Amino acid sequence: MTANIAATTVSSARTVPKGVVPAAVVVGGTLISLIGLTWDIQWHSDVGPDTFFTMPHLFLYAGSAISGLASLAVVLMTTADSKRGKAVDPVVGGRAVGVFGRTFAAPVGYLISGIGAALFLVYGLWDQWWHGLYGFDAVIDSPPHIGLLLSISITMVGSVMIFAVARDQTWGTYGIAGAAGTLLAFSMVTVLGLSALPGGPVNTINAGSAFFSVMILFMGAYVLNRRGGALAVGVVVAALQAVFWWFSPWATEVYADATGLPLRDYVDGVPGLPNMIPMSLLLVAVAVELLRGLPAWVAGAAGGLIITALAPVQRMLTYGSNFPALQRYVATVVAGVVLGALAGMLGRRFGHMLRHLAPAKDNRHA
C-alpha cells in the first residue's frame, strides 16, 4: 500500500510541467502587487494621506517579496545544478547566464524579475525613510513611489519573459496572456507622470495610455503569434478592470472603517486605476486581429485612434465630464494615431525578441 501511495505521488508530481510552479509564483506576486496598487491609489483618492505600514502598501511589498524570493530560489537551484555539471533545462526561465562572473547561473527571465524585486527593496527602504522624515504621504507620485512602481514593472517584464520561454506549451500560452495583461494594467499608473509634460493642445494622459496599451498588447500578441493572441491579452485586462472596479472602492471603505478614518466628502465611487485602463481595449484587440497580416504600424495606428477617440467618452460616462474642445480632441487623436503606429512597431519588435528566448529547437519550428 505504501508503494502504491508513493507511486501515485510520483505520478501526480510528473503531471505538473517543469517550470510551472516558480513561474506561477512570480506572476502571482505581480498580481498581488497590482492589487496593492489599485487599492493604494483609491486610498489616496478617497481617504488621503497614508503612512508606510498600511494594508495597500503591505500588498505591494508582499507581492514583490514573493516574486523576488521565487526568482532567488530558481537562481540558486540553477547555480547548484550548474556547479554539479547537471544539465539546466532552458524552459525554466530561459538560458542561464553568468552573474558576478560565473558565481551564479541565472535563467534570464528570473534574473530580470529578481533584479526588479531587489530594486524594490532599495526603493522600499527609501520610502520608509521618506515617511519617517515627512510622516504622511499625500500623493501617489512621490519620488520613492516612482522608483517602487518602476521596479515592480521590471519584475512584471521578467514574468512575461519567463512565460515566453515556454510559449509552445499550454501553461506558457496562458501565462503570457496573464503576465502581459497584468503589466498593461499596471503600466497605466506610470502614464500619470506624463501630466507634468507641456503637452500643449494634446492630452498627454490619453496619448500616453494609447501608446503603452497598444505596445504591450502587440507585444503579447506577437509572442503568442497565433490567432486570438491580442484578444486573449485584452480579455485578461478587461477581467482585471471589472474585478478592480468593484474591489478598489469596497476595500478602501472597509479598511477606512476598520482604522477609524473617514472618507472624503467628495468621494464619487469611481475607482481610480480601473478607470485609467481604456475600456476600448477589447475593440483595439479585435481591430488587431482583423488587421492581422498588414504592417504592424497600420494596426497600431488604428489602436491609437480607437483609444484616444473614445477616451473622452469614457470620462463622460464615468465622471459626467464635458466633451473636450474640438481642437484639443483632434490634436490628441492625431497624437494617438502617431504614437499608436510607433507602439505597434515597437510591440511587434519586442514580441519577436521575446520569442527568441525560447530554446533553439522551438525557434526552428517558429
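This is a predicted model: local features need pLDDT of at least 70, side-chain atom pairs count only at pLDDT 80 or more; totals for chains, interfaces and linings use all residues.
Two packed helices are described by the angle between their axes and the distance between the axes.

**α2 against α8**

- The crossing of α2 and α8 is right-handed, and on the α2 side the residues in contact are Leu31, Leu34, Ile35, Thr38, Trp39, Gln42, Trp43 and Asp46.
- Sorted by class, the contact of α2 with α8 comprises 12 nonpolar, 5 polar and 1 charged residues.

**α6 against α8**

- Helix α6, which covers residues 170–187, packs on α8, residues 229–259, at an angle of about 55° with the two axes 8 Å apart, and α6 is therefore oblique to α8.
- The α6 and α8 pair has a right-handed crossing, to which α6 brings Ala177, Gly178, Ala180, Gly181, Thr182, Leu184 and Ala185, while α8 brings Ala232, Val233, Val236, Val237 and Leu240.
- The contact of α6 with α8 has 9 nonpolar and 3 polar residues, with no charged residues.

**α11 against α12**

- The axes of α11 and helix α12, the latter spanning residues 326–355, come within 6 Å and cross at roughly 140°, and the crossing is right-handed.
- From α11, the contact takes in Ala296, Trp297, Gly300, Ala301, Gly304, Leu305, Thr308, Ala309 and Pro312.
- From α12, the partners are Tyr329, Thr332, Val333, Gly336, Val337, Gly340, Ala341, Gly344, Met345 and Arg348.
- By class, the residues of the contact of α11 with α12 divide into 11 nonpolar, 7 polar and 1 charged.

**The largest pocket**

- The volume of the largest pocket is about 740 Å³, and the pocket is lined by 33 residues, of which Gly272, Asn275, Met276, Arg315 and Tyr319 lie nearest its centre.
- Two or more lining residues come from each of α2 (20–46), α7 (204–224), α9 (272–276) and α11 (296–319), and α11 gives the most, with 8 residues.
- The lining of the largest pocket is made up of 21 nonpolar, 9 polar and 3 charged residues.

**The largest cavity**

- Rolling a probe the size of a water molecule over the atoms shows where empty space is left.
- The count comes to 1 cavity of 30 Å³ or more, and the largest cavity has a volume of about 90 Å³.
- Of the 12 residues that line the largest cavity, Asp40, Leu60, His145, Leu148 and Leu149 lie nearest its centre.
- The elements that each give two or more residues to this lining are α2, α3 (55–83), α4 (108–134) and α5 (143–165), with the largest share, 4 residues, coming from α5.
- The lining of the largest cavity divides into 8 nonpolar, 2 polar and 2 charged residues.

Definitions and conventions
Residues are numbered from 1 along each chain as its sequence is written. Side-chain values use heavy atoms; hydrogens and water are left out. Axes are lines fitted to C-alpha atoms, for helices over the stretch in contact, and angles run from 0 to 180 degrees between N-to-C directions. Angles under 35 degrees count as roughly parallel, over 145 as roughly antiparallel, 65 to 115 as roughly perpendicular and the rest as oblique. A crossing is left-handed if the near helix is turned anticlockwise from the far one by less than a right angle, and right-handed if clockwise. Contact means heavy atoms within 4.5 Å. Ala, Val, Leu, Ile, Met, Phe, Trp, Tyr, Cys and Pro count as nonpolar, Asp, Glu, Lys and Arg as charged, and the others, Gly among them, as polar. On a 1 Å grid over the protein atoms alone, a cavity is a set of points where a 1.4 Å probe fits but cannot get out, and a pocket is an open set with protein on both sides within 12 Å along at least five of seven lines; lining residues have an atom within 4 Å of a point. Grid points are joined across faces, edges and corners, and a volume is the space filled by probe spheres set on the points.
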